Amino acid sequence: MALAYEYQDDQVPPMARRTGDSASSLFRMGLTMAFAKDEEIYGQDEDADLIYRVLEGAVRTTRIMADGRRQIGDFYLPGDTFGFESGARHKFAAEAVRDSVVLVVKASALRAAGGDLERLGWEVTRRELERAQEHLLLLGRKTACERVASFLKGLADKSSGAHVVDLPMGRQDMADYLGLTIETVSRMLTQLQSNRIVSFCATRQFRVINPRGLARMADQAV
């Protein structure tokens with residue numbers, strides 16, 4: 001079960017402070033909740049009356065098809081905001097990939113605040129559209145190896161130059177996001193390691209050995 005708690009002003013997490021005044025203000029407007037690994041944050045087709053920001057951990061959005069297959073819409077890491085919808089209900093469910101802390105704010109409160117917070121909402125909407133366009137290109141025009149390379153490059157880009165990049169999601173999550181089988185994902189990761197593009201120092205951590213090679217592979221389309 002999710003646990004809710006509140007911070008005092010001097011306890012705003014460093015992540016919220018680093019992302020600017022609007023993020024800090026958003027933090028103080030909301031409720032902070034902790035979710036265990038694989039716990040549901042909101043359900044598919046539930047009312048979309050709340051907005052969420054990842055403070056710690058990682059979150060995935062998922063949709064279950066009529067035949068039981070699962071499609072992952074996207075992954076959200078610390079600093080990412082999610083839960084915005086064009087309609088009144090969530091098209092995807094959201095779940096914690098690992099133990100996570102999430103900020104929860106009422107959408108109506110964000111709209112009523114105006115100013116920087118209202119602009120933050122528009123910025124998040126723009127980024128969600130960009131995410132959707134990139135995912136469409138990835139699924140429709142890239143080979144299996146290019147999909148996996150694009151995914152790893154995206155994580156590396158978000159790591160702000162960290163020597164070791166965290167990989168919070170497992171192989172099955174990657175497969176369901178990339179539209180591949182878990183066996184194909186594993187083969188492509190092995191190929192990228194054999195070609196000395198990346199190196200896995202642990203199951204959920206990797207290093208980029210050849211940044212230019214990874215970038216070339218990720219940007220190719222067929």
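What follows is a short chat about a predicted model of one protein chain.

Q: What does the secondary structure of the protein chain come to?
A: This model is predicted, and its protein chain has eight helices and 12 strands.

Q: How many of the residues count as buried?
A: The protein chain has 222 residues, and 44% of them count as buried.

Q: And the accessible surface, what does that come to?
A: About 11800 Å² for the protein chain, with 50% of it belonging to carbon and sulfur atoms.

Q: Take contacts between residues at least 6 apart in sequence. What share joins residues at least 24 apart?
A: In the protein chain, 72% of those contacts do.

Q: Changing topic: how many salt bridges does the structure hold?
A: The structure holds 12 salt bridges. One of them pairs Arg60 with Asp173, where the closest N and O atoms are 2.9 Å apart.

Q: Where do Arg60 and Asp173 lie?
A: Arg60 is in strand S5, residues 59-64, and Asp173 is in helix H6, residues 171-178.

Q: Is Arg60 buried or exposed?
A: Buried, because its relative accessible area is 6% and the cut-off for buried is under 20%.

Q: And Asp173, buried or exposed?
A: Asp173 counts as buried too, at 9% relative accessibility.

Q: Which salt bridge does Arg70 form?
A: Arg70 forms one with Asp173, and the closest N and O atoms are 2.8 Å apart. Arg70 lies in strand S6, residues 70-76, while Asp173 is in helix H6, so this pair ties together parts that are 103 residues apart in sequence. Arg70 counts as partly exposed, at 24% relative accessibility.

Q: What about Asp166, which side chain does it meet in a salt bridge?
A: The side chain of Arg98, at 2.9 Å from N to O. Asp166 sits in strand S10, residues 165-166, and Arg98 is in the loop between strand S8 (93-96) and strand S9 (100-106). That pair links distant parts of the chain, 68 residues apart.

Q: How accessible are Asp166 and Arg98?
A: Asp166 is partly exposed, with a relative accessible area of 34%. Arg98 also counts as partly exposed, at 28%.

Q: Which residues do salt bridges that share partners join into one network?
A: The network consists of Lys37, Asp38, Arg60, Arg70, Glu95, Asp173 and Asp176.

Q: On to the rings. How many aromatic pairs does the structure hold?
A: Eight aromatic pairs. Tyr52 and Phe82 are one of them: the ring centres are 5.2 Å apart and the planes are at 15 degrees, so the pair is stacked.

Q: Why does that angle make it stacked?
A: Because planes under 30 degrees apart count as stacked, and the planes of Tyr52 and Phe82 are at 15 degrees.

Q: Where are Tyr52 and Phe82 in the chain?
A: Tyr52 is in strand S4, residues 50-56, and Phe82 is in strand S7, residues 81-82. They are 30 residues apart, and the pair links distant parts of the chain.

Q: Are those two buried or exposed?
A: Tyr52 counts as buried at 5% relative accessibility, and Phe82 is buried with a relative accessible area of 0%.

Q: Which residues form one aromatic cluster?
A: Tyr42, Tyr52, Tyr76 and Phe82 form it.

Q: Last one: what lies over the face of Phe200?
A: Arg171 does, at 5.2 Å from the ring centre.

Key: Residues numbered from 1 in each chain as written. Predicted model: local features only at pLDDT ≥ 70, side-chain atom pairs only at ≥ 80, totals over all residues. Heavy atoms only, no water. Helix = DSSP H or I, 4+ residues; strand = E, 2+ residues; numbered from the N terminus. Buried < 20%, exposed > 50% of the residue type's maximum accessible area, 1.4 Å probe, protein only. Contact = heavy atoms within 4.5 Å. Areas by Shrake-Rupley, 256 points an atom, 1.4 Å probe, with all protein chains shown as cover. Salt bridge = Lys/Arg side-chain N within 4 Å of Asp/Glu carboxyl O. Phe/Tyr/Trp six-rings, centres within 6.5 Å; stacked < 30°, edge-to-face > 60°. Lys NZ or Arg CZ within 6 Å of the ring centre and 35° of its normal.
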